[in-house]
2 protein chains.
Amino acid sequence: MEVEEKIQNLWQEVRDLSLGTPPQVDHLPTPPTPLQFLRDYLTPNKPCVISAATHHWPALSLWPSTSYLRHTLSSTPVSLHLTPTGRADSLTQHPTSPSSLCFASSHVQTLPFEDALNAVLESDFKRVAYLQEQNDCFRGEYGALASDCEEDITWASEALGCRPEAVNLWIGNHLSETSFHKDHYENLYAVVTGEKHFLLLPPTDFHRMYIRDYPAARYHYHQDSGEFTLELEDPIRAVPWSSVDPYPSPEEKQREVDMFPLYFNGPKPFEVTVKAGEMLYLPSMWFHHVTQSPDNSGLTIAINYWYDMRFDIKYAYFNFLQSIPYSPRKDPASFKVINLESSFSGSACDSGDESDIAESLPNLNVRDDMS
Amino acid sequence: MEVEEKIQNLWQEVRDLSLGTPPQVDHLPTPPTPLQFLRDYLTPNKPCVISAATHHWPALSLWPSTSYLRHTLSSTPVSLHLTPTGRADSLTQHPTSPSSLCFASSHVQTLPFEDALNAVLESDFKRVAYLQEQNDCFRGEYGALASDCEEDITWASEALGCRPEAVNLWIGNHLSETSFHKDHYENLYAVVTGEKHFLLLPPTDFHRMYIRDYPAARYHYHQDSGEFTLELEDPIRAVPWSSVDPYPSPEEKQREVDMFPLYFNGPKPFEVTVKAGEMLYLPSMWFHHVTQSPDNSGLTIAINYWYDMRFDIKYAYFNFLQSIPYSPRKDPASFKVINLESSFSGSACDSGDESDIAESLPNLNVRDDMS
């Protein structure tokens with residue numbers, strides 16, 4: 001049996017063993033006890049959705065009202081993320097080498113909340129604004145909303161024996177999308193208004209993500225012209241990121257399927273919609289892609305609790321799996337898509353854990369203006 | 001990097017990540033709470049020893065007295081295991097092909113307890129007797145002792161959400177030894193009198209165990225002559241078992257090291273001695289080898305609780321690891337030791353989970369009498 005077949009067996013066995021027939025994500029009517037959470041979800045590294053998770057939070061009735069948010073946060077300075085596409089931390093056309101891709105981060109500016117919220121509500125296909133900052137912002141910038149939610153998820157804190165490392169707030173609209181990645185955290189993701197749509201794949205599906213190194217770039221928004229430019233970081237920095245866009249346009253679909261057959265022809269990702277009042281347990285190391293639907297006011301608001309993960313035998317097994325190559329003969333992406341690949345050596349796909357191997361990169365010309 | 005080096009990295013990473021520097025087995029003064037047990041030991045698949053685990057059991061003061069055991073069990077029929085060496089379920093010289101090995105099980109006879117206990121106490125280098133039966137015997141044959149211990153380990157039952165699948169009693173002496181194997185159970189192992197000495201290796205060390213298929217055989221004890229014969233099972237049955245004897249005789253040491261370099265030259269196994277009143281949590285899938293020291297009366301008595309393990313992502317990862325070959329160039333054992341190997345295809349090392357692939361075996365001549 002070739003190693004490729006063994007890896008495919010692993011994809012299937014994880015589904016068969018711990019995700020049921022047909023494989024699916026458990027829905028719990030109410031929060032589990034700490035013991036149930038540890039035993040049935042955290043230990044087996046298995047996601048679940050809790051239906052009546054946060055029905056007692058004042059946020060559920062207060063936050064759908066933009067006037068409440070405007071009143072409470074008023075002119076508090078907050079971080080606004082701007083992109084021309086709604087896709088921050090995502091792959092896009094390389095600014096100087098149009099046949100290849102780069103990893104683009106958003107333009108970040110600090111604005112009074114009222115103005116920032118207007119920008120989110122007024123987003124269009126030329127400028128998409130997203131209020132988010134994955135730096136514990138709910139306990140920082142948004143401290144005025146603290147009493148609307150809980151400081152931590154008590155059953156999770158008890159199970160894990162610690163408090164959350166970070167609590168983040170996300171105020172966006174239907175145009176924002178988060179590309180496939182994984183986090184080194186146990187994640188409890190609560191939707192307050194609107195809906196979030198997750199695609200989930202277990203860590204064992206690593207090879208199906210086609211993680212390759214891309215040069216880091218950042219959007220710059222020009223207030224006067226209302227246009228974006230995309231600039232490569234200087235010095236150049238490599239970011240390992242998933243090459244897969246799970247929702248290609250109809251005209252790109254066949255090309256994507258040909259390039260990423262392990263993703264498109266393998267087991268389907270788990271599709272999970274998390275509604276207002278519900279909470280997703282998103283286990284550490286699971287790959288996830290997120291889109292969102294807005295409420296009546298046009299917003300999707302969520303709050304997530306990141307708890308430190310334990311680096312145990314599962315993590316060691318993951319690193320071993322990651323070190324085993326899937327034959328390029330069966331993986332056209334590895335030699336077609338990324339012409340930078342031979343210059344890079346990283347192989348992780350971690351937010352906040354990017355290898356800096358710029359010295360090995362060719363010296364790329366950076367265009368300042370792509371508008 | 002060759003796959004062999006990646007596998008070696010895995011051995012080291014499991015130690016670095018979850019077993020401390022230097023790697024060692026945690027000792028807890030008192031039993032953990034169910035949450036602590038789940039979070040700190042069961043989830044990361046990590047062993048621990050609990051010091052004051054069973055000090056409240058009447059067994060601790062009662063069982064060191066053989067007169068109490070004789071009085072309580074009297075002539076209750078019990079299962080006695082006899083071998084000429086103290087090594088049951090272990091590799092020994094093949095009865096008809098002296099240059100190869102077979103997997104030998106003990107002769108089992110049912111005797112009144114008093115006689116069986118005498119046999120254990122009178123064991124010598126010609127006949128070693130062991131009172132044990134891994135069939136929930138503590139709740140069966142030894143039911144009269146039930147009130148001396150606990151029916152289950154309450155913190156473990158609460159953590160795991162179930163009662164033990166089997167509770168086994170072991171009454172032996174210093175001559176009995178259990179060869180390297182793993183079990184598909186979460187195991188709580190309580191020593192009542194004497195000491196047990198464990199060698200432990202995590203499941204990720206699979207390739208270091210040199211698991212090969214051996215033909216099953218069974219000792220037969222002949223009461224009249226006081227001699228044993230060893231007979232192959234008919235039809236022939238293959239048992240996948242570890243080839244490693246961690247304590248070879250001085251004259252065999254170099255040969256063993258040459259044949260099993262991954263075991264002898266790799267990271268040392270964890271050495272854990274469990275004393276009377278202590279309990280070892282032996283995680284599912286960990287390889288273990290056991291020897292014992294007796295108390296003043298010459299006995300080592302222990303009781304173990306087998307809880308069903310969960311077959312989750314860790315198990316799937318293990319199966320994947322097991323499917324990856326370690327190059328024979330670096331593994332002399334795979335072509336030197338077992339001349340039957342090419343006829344077998346199994347690769348697990350599980351008590352009670354042996355593949356029956358007898359049809360693929362050559363037709364071996366079985367000698368009835370090896371005395």
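This is a predicted model: local features need pLDDT of at least 70, side-chain atom pairs count only at pLDDT 80 or more; totals for chains, interfaces and linings use all residues.
Trainee: With which residue does Glu233(A) form a salt bridge?

Mentor: The general idea is that side chains of opposite charge can pair when their charged atoms come close. Here the partner is Arg237(A), and the closest N and O atoms lie 2.8 Å apart. Over all chains, the rule counts 24 salt bridges.

Trainee: What joins Asp234(A) and Pro235(A)?

Mentor: A cis peptide bond, with omega about 5°. Pro235(A) lies in the loop between strand 14 (227–232) and strand 15 (238–242) of chain A. In chain B, the peptide bond from Asp234(B) to Pro235(B) is also cis, and its omega is near 5°. Pro235(B) sits in the loop between strand 14 and strand 15 of chain B.

Trainee: Which parts of chain B does the salt bridge between Arg15(B) and Asp205(B) link?

Mentor: Take the pair itself before its position. The side chains of Arg15(B) and Asp205(B) meet at 2.7 Å, N to O. Arg15(B) belongs to helix 1 (residues 3–18) of chain B, while Asp205(B) is in the loop between strand 12 (195–201) and strand 13 (211–222), so the pair links parts of the chain that are 190 residues apart.

Trainee: Are Arg15(B) and Asp205(B) buried or exposed?

Mentor: Arg15(B) has a relative accessible area of 2%, so it is buried. Asp205(B) is at 0% and therefore also counts as buried. Asp205(B) forms a salt bridge with Arg208(B) as well, again with closest N and O atoms 2.7 Å apart. Arg208(B) is buried, as is Asp205(B). In chain A, salt bridges that share partners join Arg15(A), Asp205(A) and Arg208(A) into one network.

Trainee: Let us turn to sheets. In what order do the five strands of the open sheet in chain A stand?

Mentor: In a sheet, strands pair through backbone hydrogen bonds, either parallel or antiparallel. The order in this sheet of chain A is 4-10-18-12-16, and the pairing is mixed. Strand 4 (87–88) and strand 16 (270–275) of chain A are at the edges; each has a single partner strand, so one side of each has no neighbour in the sheet.

Trainee: In which sense do strand 12 and strand 16 of chain A pair?

Mentor: They pair in the antiparallel sense, over six bridges. Within this pairing, Glu195(A) stands opposite Lys275(A) in strand 16 of chain A.

Trainee: Now a helix. Which residues of helix 7 of chain B are buried?

Mentor: Helix 7 (residues 250–259) of chain B has Glu256(B), Val257(B) and Met259(B) as its buried residues. Because they cover an arc of only 155° around the axis, they are on the same side of helix 7 of chain B. Glu251(B) and Gln254(B) are exposed on the other side of this helix.

Trainee: What is the phi of Ser74(B)?

Mentor: Ser74(B) is not a glycine, yet its phi is positive, at about 50°. Ser74(B) is placed in the loop between helix 4 (66–73) and strand 3 (77–83) of chain B. Asp89(B), also not a glycine, has a positive phi of about 45°. The place of Asp89(B) is the loop between strand 4 (87–88) and strand 5 (90–93) of chain B.

Trainee: The last topic is the pair of chains. What rotation superposes chain B on chain A?

Mentor: A rotation of 180°, with 0.0 Å of shift along its axis and an RMSD of 0.0 Å. The two copies are therefore related as by a two-fold rotation axis. Thr43(B) comes closest to that axis among the residues of chain B, at 2.4 Å for its C-alpha.

Trainee: How many salt bridges cross the interface?

Mentor: The rule finds two between chain B and chain A. In a salt bridge, the side chains of Asp40(A) and Arg310(B) meet at 3.3 Å, N to O.

Note on methods: Residues are numbered from 1 along each chain as its sequence is written. Chains are lettered from A and ligands numbered from 1 in the order in which they are written. Side-chain values use heavy atoms; hydrogens and water are left out. Two strands pair if DSSP finds at least two bridges between them. Helices (H or I, at least four residues) and strands (E, at least two) are DSSP runs, numbered from the N terminus. Buried means under 20% relative accessible area, exposed over 50%, partly exposed in between (1.4 Å probe, protein chains only). The arc is that of the directions from the helix axis to the C-beta atoms. Copies are superposed by least squares on the C-alpha atoms of residues with pLDDT of at least 70 in both. A salt bridge is a side-chain nitrogen of Lys or Arg within 4 Å of a carboxyl oxygen of Asp or Glu.
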